[in-house]
Each structure stands twice: as structure tokens, then as C-alpha cells.
Amino acid sequence: MSTDIAQLGVIKAGLDALTREMAVNLRRSAISSIVREARDFSVALTDPKGEVVAQAECIPIMTAGISIALQEVAKVIDLSSLDRGDAILMNDPYSGGQHLQDIYLFTPIFTEDNTLVAFGASTAHHVDLGGSHAGLSAHATEIFQEGLRLAPARFSVARDFDDPHGFVRQVIAANVRVPDAVIGDLQAQFAASNTAERRLLELMERHGARTCLDAMEFLKDHSEFRVRDAVSRIPDGVYTATEHLETSAFGGGEVDIHARVTVDGTNIDVDLSGSAVQVLGNINCPFASTVSAVQSAVRCMLDVPDIGFNEGCNRVLTVSASHGSILNPRFPAAVRARLTPASRVFNAVIRALGEALPERAVATGFDTTTAIAVSNLSPDGVYEVALEILGGGWGGCADHDGADALDNPISNCANAPIEALETDYGHFEIDEYSLLRGSAGDGKFRGGHGIRRIYRATRDGVRVSGYADRHERGPQGFQGGEDGGTGSFHVERVDGTHEVLPHVYEAILNCGDRIVIQTGGGGGYKPAQDRDAALRDRDKRFDLI
């Protein structure tokens with residue numbers, strides 16, 4: 001390209017800055033706590049072909065899936081036929097989406113001469129989309145029970161959404177329990193799109209549309225070059241690992257997620273065909289989520305600092321999973337808890353590549369999204385729905401302990417402040433939020449700790465539902481490190497009785513009843529007897545092991 005390196009750097013910085021501004025504006029405009037506080041959303045800018053060229057640092061499994069989603073949309077909608085003022089909404093897991101709560105919004109960006117130059121892209125986790133239970137339907141066995149399914153469709157924003165009586169707005173609002181929150185969060189996504197359009201056109205006005213489009217292509221090619229260079233330093237070979245997830249809530253036992261990773265020159269092939277068949281429950285993983293998990297794992301293991309994630313990074317990768325498996329289910333399998341198998345894909349690929357890259361290997365973390373929905377229907381027919389995503393301990397690694405109380409690496413949600421939740425909602429309070437002492441796997445570098453969080457109902461008839469994994473077996477330590485601890489759910493009734501809940505559950509709390517959520521810790525790295533004496537003294541001083 002003819003652009004000099006200094007101008008290219010300015011354009012790249014402008015693209016990165018606009019996506020970060022998109023993220024800030026989406027978060028600050030959002031209504032629900034899951035988006036505003038937990039930050040369960042992602043944003044990106046794509047080129048006219050639908051390939052990501054820049055993204056903010058948000059939720060890895062979401063951002064990795066944006067290109068997949070828009071390219072699947074392009075199979076049914078001619079992107080070049082879109083007009084100014086059009087937009088596309090979709091959440092269909094069988095058309096490039098992930099699970100129904102994650103709604104993708106794509107808005108085309110045109111120059112003054114009506115040339116399509118990019119798409120503003122965002123996805124956010126919406127607190128309720130209908131279904132059999134508020135927030136999440138833990139016992140769904142097919143996608144129809146999980147909520148409103150939006151196949152890829154174009155619409156006029158002014159006519160169909162901005163108008164309070166517009167068709168798209170009315171269809172969504174009529175099928176969810178908390179329409180103000182859902183429509184408000186969609187408006188926040190549109191705010192992010194407006195930011196993308198404004199900032200990109202300003203950038204193009206300064207540097208020229210053609211120059212910016214050429215820069216987008218160059219940045220993707222440059223990322224591919226950097227990633228291929230990193231892959232070339234991995235010894236060629238076939239590396240395998242197997243992870244496990246629990247399906248006892250659906251009448252099964254542990255099932256396997258098997259990764260066969262082949263490194264050949266500058267290419268990586270990940271074959272997941274040895275993994276379990278799909279499950280009659282909500283724990284299946286759409287193929288787009290599977291691919292996103294692989295992309296995230298490979299990116300973590302490669303030594304490619306200081307490059308942004310764009311579609312060029314993914315050109316080195318091929319991913320396959322058998323149709324009808326838990327990682328590529330047949331329609332209409334339920335997929336709400338898709339992050340559980342996706343996390344085991346992430347773990348398996350990390351462990352497999354750890355054979356080839358021992359200096360970057362880590363012990364396995366709890367790496368499980370522990371989701372809880374807390375809802376209540378008032379006597380006058382008004383719903384309150386809160387949704388929380390809770391983390392656990394990360395695994396230890398070659399030079400430090402695992403982090404405490406973080407969401408798993410491909411989810412990356414923030415811990416929502418108790419004050420914000422108790423301000424927003426009146427049907428529960430949080431009695432305890434603490435580290436779960438003793439949950440970390442010991443080792444030369446120990447795992448991080450899980451958490452303990454207790455919700456108390458302040459009304460009768462409060463419904464809770466949720467899911468997790470690693471309630472029966474904790475995450476593996478690495479090369480002699482101890483395994484991390486397990487999680488658990490149980491209910492404490494005001495009459496003094498206790499009820500242990502399975503790892504996927506639904507329950508009703510009356511006023512004063514409490515649900516206790518505990519998440520496990522990460523695995524330890526290498527034997528505990530090799531731990532530095534000063535670190536061991538600190539563990540004892542703070543009662544950490």
C-alpha cells in the first residue's frame with residue numbers, strides 16, 4: 001500500500017480508539033446491571049465484507065464471534081444491498097449466533113457518496129428474552145423453551161425501532177419480561193453504532209476513504225503475518241488433551257471434550273471430533289461459540305504482543321467438530337449454558353499447546369461461568385429480573401499464583417458491585433461476598449481462590465435459577481500441582497433446613513430464605529513443596545491454604 005508507516009499508525013490508533021469509545025458509550029448508556037456493571041457485551045468495527053478490523057477489549061468469546069456472525073448473515077442477506085438507515089439484528093445460534101440472550105446488532109456505515117465502507121458491530125447479553133423462566137431457563141431441552149429467536153433480518157431503524165410503535169421494537173418488547181431494560185440495552189447498542197459511524201467518517205475525512213480501507217486490509221494482513229511467525233516457532237506435531245464437564249443434572253455423568261491440535265508450519269488445525277454427543281439439556285455449544293473458544297485459546301498461547309485482534313489473526317486456524325456433538329449440536333438443541341463446554345474447549349486447547357510451549361503452560365482454572373438469575377413477579381404484574389455471572393480462581397503458572405475471584409478467561413465479565421444491585425432491585429439483598437478460603441489448589445504457584453456469595457430473598461416467591469460446572473471434580477493442577485476446589489449451590493431456609501442443589505437448578509425462595517453460591521479455585525502449578533518460603537508464610541498469615 002502507498003500509505004507511509006506513520007500515517008498507518010495514526011489510522012490504526014484511530015480505529016482502536018473508536019472501538020474503545022463504542023464500548024464506553026454502550027456501557028454508560030445501558031440499563032441492566034448485567035451490561036452496565038458486569039460489562040457483558042462486546043463491540044467491533046468490520047470492513048464492508050464483515051471481517052473484524054478493530055475491537056475493544058471486552059468479552060473474548062463474543063468478539064471472536066462477530067466476524068462469524070456477520071459472515072453467516074451475509075449468506076442470507078446481500079450486504080451490498082443495504083441502505084443508509086438499515087440495520088440487522090440476530091441472535092440465532094443456528095445462524096452464526098451464540099445463545100439467544102446475546103443479540104448481535106450490525107449497522108452499515110456509508111460515505112457521502114453512499115459507498116458502504118464498514119459495519120458498526122455489537123453484541124450484548126440481554127437480561128431476559130422470554131422463555132420458560134425469567135433470566136434463564138435452566139431445564140430447557142430445546143431452543144424454543146429458551147426465549148425469542150431472531151433470525152438474521154434487515155430493517156429500517158427509523159421506522160421499525162426508533163418509532164415506539166415500530167414492528168421490531170414491538171415484537172421484542174411484547175415477548176420479554178422487562179421490556180424497558182431490553183429495549184434500553186438495545187438503544188445502548190445503537191449508541192455504540194452511532195459512535196462507530198461518527199468516528200470512522202471523521203477518520204476518513206482526514207485521511208481519505210480509500211486510504212482507510214487500504215489500511216484495514218493491510219492491518220489484517222500484518223496480523224496474519226505476525227501470527228504465522230509465532231506459529232512457525234511452535235514445534236510441528238500433534239498435541240492432544242481431554243477435559244471433562246458434568247451432565248448429572250440431565251441424567252448423565254461426566255462427558256469428554258477432546259482436542260487434537262496439529263501444528264504444521266504456520267498453520268494450526270484443531271479437531272474436536274472426539275468430543276461427546278449433544279446433550280438433552282441446555283449445555284450444548286453452537287459451533288460459532290466453539291470456534292470462538294479455540295481462537296481465544298490459541299491467541300493466549302502465542303507470543304504476539306502488541307497486535308490488535310482482527311480477522312487476519314484467524315487465518316492460520318481451522319476448526320472442526322462433529323455435527324450432532326455437544327460442540328456442534330443439531331437444531332433445535334438448547335444452548336443457554338454454552339459457555340460451559342466452550343470453556344472446556346479453551347482448557348483443552350491450552351493444555352494441548354502447553355505440551356509444545358511449556359514456558360507458556362498454566363494450571364487449569366475453575367474457568368466456569370456460574371450464572372444465577374433472581375426474579376420476582378409483583379402482585380401488580382411487574383417483573384424484576386437480575387442476572388449475575390460469577391467467576392472463580394485461575395490456575396497458577398510459571399511465575400505467579402493464579403488470580404482470585406475472576407470470571408473465566410473467555411467470558412471476562414466484571415464482578416457487579418453489591419451496592420449497584422441492591423439499588424436496582426428490591427426483591428433480594430446480598431448477605432455475604434467473600435473469597436472461599438481453601439478453594440485454591442496448592443503448588444509452587446498456587447491457584448486462585450473461588451468466591452462465596454449469598455443472596456437473601458426479601459419477598460416471597462423469588463425465583464432463582466442457574467448453572468455451573470466443576471461441582472464434582474475440580475480443575476487439574478499442572479505437573480504435580482494440586483487440583484483446585486469444587487463449587488456448590490445450596491439453599492438455607494428460614495426454618496433451619498438446608499437443600500443441596502445440583503449444578504443446574506431452579507428453586508423458589510420465600511422471604512428470608514438464602515441461596516449460597518460457592519465457586520471453586522484454580523489448580524496449582526508444580527509441587528507444593530517447591531513453594532517459596534516467603535509465599536508460604538503469606539499463605540499462612542492470610543489463611544489462604
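A pocket is here an open set of grid points with protein on both sides within 12 Å along at least five of seven lines. The structure described is a predicted model. In this model, the space in the largest pocket comes to about 720 Å³. Its lining is made up of 35 residues, and those nearest the centre of the pocket are Gln 55, Arg 299, Ile 307, Gly 308 and Phe 309. Two or more lining residues come from each of helix H1 (5-29), strand E2 (52-55), helix H3 (60-64), helix H8 (209-232) and H9. Among these elements, H1 gives the most to the lining of the largest pocket, with seven residues. Sorted by class, the lining of the largest pocket holds 18 nonpolar, ten polar and seven charged residues.

The second largest pocket holds about 370 Å³ of space. It is lined by 24 residues, with Ile 350, Val 362, Ala 363, Trp 394 and Gly 395 the closest to its centre. The elements giving two or more residues to this lining are H9 and H10. H10 gives the most to the lining of the second largest pocket, with four residues. By class, twelve nonpolar, six polar and six charged residues line the second largest pocket.

Helices H9 and H10 also pack against each other. H9 covers residues 287-301 and H10 covers residues 339-356; the angle between the two is about 35°, and their axes are 8 Å apart. The crossing of H9 and H10 is right-handed. On the side of H9, the contact is made by Ser 289, Thr 290, Ala 293, Val 294, Ser 296, Ala 297, Val 298, Cys 300 and Met 301. On the side of H10, Ala 342, Val 345, Phe 346, Val 349, Ile 350, Leu 353 and Gly 354 take part. Twelve nonpolar and four polar residues form the contact of H9 with H10, and no charged residues are found in it.

Empty space left between atoms is shown by rolling over them a probe the size of a water molecule. The count comes to four cavities of 30 Å³ or more. In the largest cavity there is about 110 Å³ of space. Its lining consists of 16 residues, and Asp 40, His 125, Arg 338, Leu 339 and Ser 411 lie nearest the centre of the cavity. The lining of the largest cavity divides by class into eight nonpolar, four polar and four charged residues.

Helix H7 (residues 179-207) has 29 residues, which at 1.5 Å a residue should span 42 Å. Gly 208 follows H7 and has a positive phi, near 95°.

Two further features of the backbone concern loops. The peptide bond from Phe 331 to Pro 332 is cis, with omega near 10°. Pro 332 is found in the loop between strand E10 (317-320) and H10. Arg 470, a residue other than glycine, has a positive phi, near 60°. The loop that contains Arg 470 runs between strand E15 (462-467) and strand E16 (488-492).

Key:
Residues are numbered from 1 along each chain as its sequence is written. This is a predicted model: local features need pLDDT of at least 70, side-chain atom pairs count only at pLDDT 80 or more; totals for chains, interfaces and linings use all residues. Side-chain values use heavy atoms; hydrogens and water are left out. Axes are lines fitted to C-alpha atoms, for helices over the stretch in contact, and angles run from 0 to 180 degrees between N-to-C directions. A crossing is left-handed if the near helix is turned anticlockwise from the far one by less than a right angle, and right-handed if clockwise. Contact means heavy atoms within 4.5 Å. Ala, Val, Leu, Ile, Met, Phe, Trp, Tyr, Cys and Pro count as nonpolar, Asp, Glu, Lys and Arg as charged, and the others, Gly among them, as polar. The expected span of a helix is 1.5 Å times one less than its number of residues. On a 1 Å grid over the protein atoms alone, a cavity is a set of points where a 1.4 Å probe fits but cannot get out, and a pocket is an open set with protein on both sides within 12 Å along at least five of seven lines; lining residues have an atom within 4 Å of a point. Grid points are joined across faces, edges and corners, and a volume is the space filled by probe spheres set on the points.
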